[in-house]
Number of protein chains: 2
Amino acid sequence: MTAGVSGFRFSGIAAGIKRNGRRDLALVVAEKPAVAAGIFTRDLVRAAPVVVAEQRVRFGTASAVLVNSGTANACTGEAGMQATLDTTAAIAKALELRVEHVLPASTGVIGLVLPADKVIRTTGELVSSLSPDGVDAFAEAILTTDRFPKVAHAEIEGGATILGIAKGAGMIHPDVGVAAPHATMLVFLFTDAVIGRDALEEALVQAADATFNCVSVDGDTSTNDTVIALASGASEVSVTAEALVGPMTQVCDELARAMVKDGEGASHVAEIRVSGLTTDGDAHQIAKTVATSVLVKTAMFGQDANWGRILAAAGRAGVHFDPARACISVGNVEIVHDGLSVGAEAEQRAGKIMAGESYTIDVVLGDGPGKARYLTSDLGHAYVDVNAGYRS
Amino acid sequence: MTAGVSGFRFSGIAAGIKRNGRRDLALVVAEKPAVAAGIFTRDLVRAAPVVVAEQRVRFGTASAVLVNSGTANACTGEAGMQATLDTTAAIAKALELRVEHVLPASTGVIGLVLPADKVIRTTGELVSSLSPDGVDAFAEAILTTDRFPKVAHAEIEGGATILGIAKGAGMIHPDVGVAAPHATMLVFLFTDAVIGRDALEEALVQAADATFNCVSVDGDTSTNDTVIALASGASEVSVTAEALVGPMTQVCDELARAMVKDGEGASHVAEIRVSGLTTDGDAHQIAKTVATSVLVKTAMFGQDANWGRILAAAGRAGVHFDPARACISVGNVEIVHDGLSVGAEAEQRAGKIMAGESYTIDVVLGDGPGKARYLTSDLGHAYVDVNAGYRS
């Protein structure tokens with residue numbers, strides 16, 4: 001059983017939204033209104049729950065998060081918006097909360113309206129099963145194509161705790177920010193630390209930029225990506241943004257790695273580390289282009305140290321570097337030195353490393369200070385199977 | 001037998017570069033120095049033959065193009081450059097041409113040096129088999145993972161002719177331009193019209209922008225993309241750029257469609273047509289993002305009218321539009337109207353259209369004049385098979 005964090009109760013039930021009868025409705029409630037921050041998808045196409053959650057989280061406090069899987073409630077127009085408003089209102093009523101303190105999140109198929117009646121009908125059950133020990137039920141109820149639930153813990157200096165719960169396996173290429181939010185990645189972070197709203201948001205943005213925004217399964221951003229952080233203050237341990245960002249990044253990194261590992265049909269995770277550029281931004285652009293290259297990802301599936309694809313992807317990223325100075329290593333095996341192949345024997349050794357579940361690919365493109373990393377997964381037959389048939 | 005075009009002789013032989021013994025060396029020679037124009041990959045990483053061909057084509061005339069398949073001769077440093085210089089010198093010597101008039105092109109695996117000795121050893125055979133009727137041998141010798149050769153013809157007003165020969169099936173997302181060229185797409189255009197160098201280049205740039213630069217199989221641009229046009233003048237029919245651009249675009253469009261149809265492992269081709277934006281550039285950006293979306297391409301494989309993926313991809317293209325006004329049709333079946341699903345029955349009918357070999361997807365995002373189109377192929381198991389094992 002996964003431990004909770006003081007000040008929060010969790011539940012997760014089967015409300016009949018998913019056709020297969022699995023858990024599909026999750027709720028977390030703070031004992032007292034919690035300090036809240038959220039960042040959301042930057043896709044122009046945004047689901048109703050994203051629009052509503054973004055508005056409500058601006059108040060800086062929240063008491064509950066209602067999450068459903070099975071439908072993203074995206075591209076569902078007025079009916080979808082009404083369903084989000086009605087279901088959060090039902091939760092607010094049952095718990096005697098202000099409706100603005102109930103944040104919604106949805107994940108699943110786009111274009112399907114959230115069946116509000118099913119949520120409202122099961123609100124009693126959802127609320128009555130709330131428990132400090134309900135983390136696992138919550139984590140299970142938010143899954144869609146995920147193969148396993150994703151939770152992570154870290155301790156904060158002074159004795160407070162942070163817990164993260166996430167879902168995400170496909171349509172994973174998050175781009176979340178404060179300016180405008182986006183989500184098939186859902187991440188919920190709970191801490192019992194005492195912290196102000198601005199500090200919480202500052203830590204959240206930093207942690208997300210260093211982790212979720214450097215992750216790609218398929219290069220497609222979702223209409224529903226949501227990251228919400230709530231601080232209950234129940235530990236009575238006051239922390240600054242600086243003190244929180246470390247543990248929060250640790251939790252987010254663990255969740256991000258779990259999402260890539262669970263990448264639809266993925267069997268290998270590579271951490272692409274790009275360095276030697278003029279700026280971190282340049283390095284990020286190259287790391288992203290390599291990490292989202294379909295040819296690189298199929299080579300990963302084939303356990304083929306096909307550095308030509310890596311270098312060609314880097315070359316089309318729109319950032320200047322000298323290909324004749326490029327060095328590429330898989331794990332600790334250098335396969336390209338100063339733009340040239342080290343040799344077939346090195347490539348074979350690199351291929352053996354690529355048989356592993358997870359490995360690094362270092363791409364050094366000069367001696368500048370700019371560096372970045374990106375997590376990516378392989379693209380093989382299982383990915384095709386999951387995504388060609390997901391709706392049917 | 002494919003007809004040639006007056007003023008040119010073609011050949012294609014097996015020089016032993018490919019391991020499987022197939023034709024891998026091609027030559028075309030103009031009877032007199034031809035007017036020449038070329039555009040090349042804009043990837044920063046560029047093969048030796050691209051660097052050399054780009055330099056030489058600037059003279060505005062050329063007499064021969066030497067093409068090999070089996071190795072891209074990219075990322076091969078000084079040894080690769082020397083091989084390109086030596087092999088074109090051998091052809092120049094055998095045909096008594098200036099070496100600057102021999103343009104090289106290569107396609108195949110990155111990182112493998114062109115085996116100059118094999119080319120030099122077979123130069124006699126290559127030259128002696130030149131024939132006005134050698135188009136098919138030439139077209140075959142430039143193929144790599146292609147399932148079929150690609151040739152197209154068009155008539156030019158006044159009685160001249162244009163012939164196009166292309167190869168390309170994977171690593172197809174060309175971005176070719178005059179400023180800086182990029183190539184696993186190789187295209188050679190031959191006309192017997194009389195035309196100046198600048199006019200030929202103008203027609204070439206326009207035709208390529210409207211065709212090859214709107215095509216994607218896997219979103220990966222190559223280190224070797226090359227498009228070369230030669231005009232022999234043998235018809236004695238003078239044409240302007242305006243007169244040439246129509247037939248040239250027709251030939252390029254036919255070749256581009258053949259490349260997408262032959263996309264590695266592809267069984268469906270979709271023409272993504274985006275309209276209603278402020279500018280053509282905005283529309284192009286959205287069309288490109290949709291056409292390269294891995295989720296859209298796997299939905300094509302699954303024959304699933306999954307418009308949510310189309311709309312979400314459009315939304316992350318970085319271009320503003322109002323999702324609530326989006327209309328999407330597959331063939332003549334509208335599946336999204338004003339941002340909302342038309343219904344399950346329409347999606348089923350659209351799914352039937354997607355069972356076909358080729359179809360259109362119209363994405364209307366407003367009432368602006370900006371429009372663009374992009375050709376793309378599905379991504380299924382066969383694509384994974386081809387690309388996970390290509391080098392082995």
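Predicted model: local features only at pLDDT ≥ 70, side-chain atom pairs only at ≥ 80, totals over all residues.
Two strands count as paired here if DSSP finds at least two bridges between them.

In chain B, seven strands line up as an open sheet, in the order β9-β16-β11-β15-β12-β13-β14, and the pairing is mixed. The edges belong to β9 (215-216) and β14 (340-341) of chain B; each has a single partner strand, so one side of each is left without a neighbour in the sheet. Further in, β12 (residues 327-330) of chain B runs antiparallel to β15 (residues 358-364) of chain B, and four bridges join the two. Along this pair, B:Ser329 sits opposite B:Asp362 in β15(B).

Helices also pack on the chain B sheet. Helix α8 (residues 280-291) of chain B touches β11 (269-276) and β16 (368-377) of chain B, and its direction makes about 25° with that of β16(B). Helix α10 (residues 307-315) of chain B, for its part, lies across β12, β13 (333-337), β14 and β15 of chain B, at about 130° to β12(B).

Turning to chain A, an open sheet of seven strands with mixed pairing has the order β9-β16-β11-β15-β12-β13-β14. Its edge strands are β9 (215-216) and β14 (340-341) of chain A, each pairing on one side only. Strands β12 (residues 327-330) and β13 (residues 333-337) of chain A pair in the antiparallel sense, over three bridges, with A:Val330 standing opposite A:Val333 in β13(A). Helix α10 (residues 307-315) of chain A packs on this sheet, where it touches β12, β13, β14 and β15 (358-364) of chain A; the helix direction makes about 130° with that of β12(A).

How values were computed
Residues numbered from 1 in each chain as written. Chains lettered and ligands numbered in written order. Heavy atoms only, no water. Contact = heavy atoms within 4.5 Å. Axes fitted to C-alpha atoms, helices over the stretch in contact; angles between N-to-C directions.
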